Amino acid sequence: MKTDVVVLGAGIVGVSTALHLLARGRSVVLLDRRGPGEETSYGNAGLIERASVIPYAFPRDWRSLWRYARNNTPDVSYHVRFLPRIAPWLMRYWWHSAPSRLARAAEAMLPLIERSVIEHDALKDDAHLGHLFRRNGWIDGARTQAGLEQAVAEAQALSPYGLNYRVLDRPALAALEPSLSERMVGAVHWLDPVNVSDPGAVTQGYAALFQQRGGQLVRGDARTLQSAGSGAWRVQAEDGQVEARDVVVAMGPWSLDILRPLGYRIPMAVKRGYHQHFALDAGASLSHPVADIDSGFVVTPMTRGVRLTTGAEFAHRDAPPSPIQIQRTRALASQLLPLGAAVEQEPWMGCRPCMPDMRPVIGPAPRHPGLWMAFGHAHHGFTLGPVTGKLLASLITGQTPDMDPAPYALHR
């Protein structure tokens, strides 16, 4: 089978890229070993984080560092034996999190963040997925008055970005979410973000639109990618070989498995994370995503129940799951909401692909014509999938992009 472009990876980034390439007149094959949206794009809080204009930085104060070093917090955990392997990456992450460098990262990410909701809206309308989208923002909740004051101060510091929010005292928060306990004393309600009730279904819906428009979705092993000569690429699908003049690596935490054999040494690590769905006790409800800013988890209303999502776990990508974070966060979440039985027996685990400078890789491979990259979105993969796909499709087809792609180049 011959095509113009083969996109490796049917997560939100790959599916969005494939759709935008189709819209620009390219024939496209989308290849994955699993179905669309069944890996990292499935397990997230379902947020299109328009208000997250400052990347998640490595803490630089000694109090926070000591807190995490003890390895007993709900928001960050690590496998002790893995620390020597990831320590160099953590040092680079810490270095890039210095105030001046963090400001540059925020500036670099802003064009993507600003268009995140716009580009999702364009795809969800065409895919008739509006019923999965909620435009009620999300809530940063605090357990202490000091925490609330800090959250308000941080929101006020973002005033140059023109973000919309409101401060909720305890009565206002209770009026908005009556099932939240009094342990949460107040909140900042961010109004610009959008949230969805099933992020996996959104990615699957975008993939269905891709097929309706003539794209081909196949199963195969991306690790078989090789040069086909004359500037073309070849990869093995279940039904035969696929050959294309352009190939996009959009495989999230598995992208390096493809690029290392080609000689690319990319400083990407993973932050593992977990989620599990729970029923609520009779009469209880939740209508907004709520983050516990003191404990680093989010509870979100989803089609399968309330999804409890954890913070970051530093471990080998392929190490067996550990239940500790879900156990810690479930106990804390039960203090805020009357959680009932777990919907699924085992928590879901996924891996967020993270670059130490807190921005993704989007653009061409410098030494291989026709090879393109789109990965490393960290906590914002679902948020930035459609805008990434539009940017990369513009670059591949030689069109003028909506933004400067230089901050996302591999060798930046």
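The second largest pocket has a lining of 18 residues, and nearest its centre are Phe82, Arg85, Arg260, Met268 and Ala269. Helix 3 (83–96), helix 9 (255–259) and strand 13 (269–280) each give two or more residues to that lining. Helix 3 supplies the largest share, five residues. By type, the lining of this pocket has twelve nonpolar, one polar and five charged residues. The space in the second largest pocket is about 460 Å³.

The model is predicted: local features need pLDDT of at least 70 and side-chain atom pairs pLDDT 80 or more, while totals for chains, interfaces and linings use all residues. Residues are numbered from 1 along each chain as its sequence is written, and side-chain values use heavy atoms, without hydrogens and water.

A pocket here is an open set of points on a 1 Å grid over the protein atoms alone, where a 1.4 Å probe fits, with protein on both sides within 12 Å along at least five of seven lines; lining residues have an atom within 4 Å of a point. Helices (H or I, at least four residues) and strands (E, at least two) are DSSP runs numbered from the N terminus.

Helix 8 covers residues 199–212; at 1.5 Å a residue its 14 residues should span 20 Å, and the end C-alpha atoms are 20 Å apart, which agrees. Just after helix 8, Gly214 has a positive phi of about 110°.

Ala331 lies in helix 10 (residues 324–336).

Strand 15 (residues 297–302) has six of its six residues buried. Phe297, Val299 and Pro301 point one way, and Val298, Thr300 and Met302 the other. In a regular strand the side chains alternate between the two faces of the sheet. Strand 15 pairs with two strands, where pairing needs at least two DSSP bridges.

| Partner of strand 15 | Bridges | Direction | Residues between the strands |
|---|---|---|---|
| Strand 14 (residues 290–292) | three bridges | antiparallel | four residues |
| Strand 16 (residues 305–309) | five bridges | antiparallel | two residues |

Val299 is the bridge partner of Val290, and Leu308 in strand 16 is the bridge partner of Val299. In the hairpin of strand 14 and strand 15, Gly296 takes a positive phi near 75°.

Terms used: The expected span of a helix is 1.5 Å times one less than its number of residues. Grid points are joined across faces, edges and corners, and a volume is the space filled by probe spheres set on the points. Ala, Val, Leu, Ile, Met, Phe, Trp, Tyr, Cys and Pro count as nonpolar, Asp, Glu, Lys and Arg as charged, and the others, Gly among them, as polar. Buried means under 20% relative accessible area, exposed over 50%, partly exposed in between (1.4 Å probe, protein chains only).
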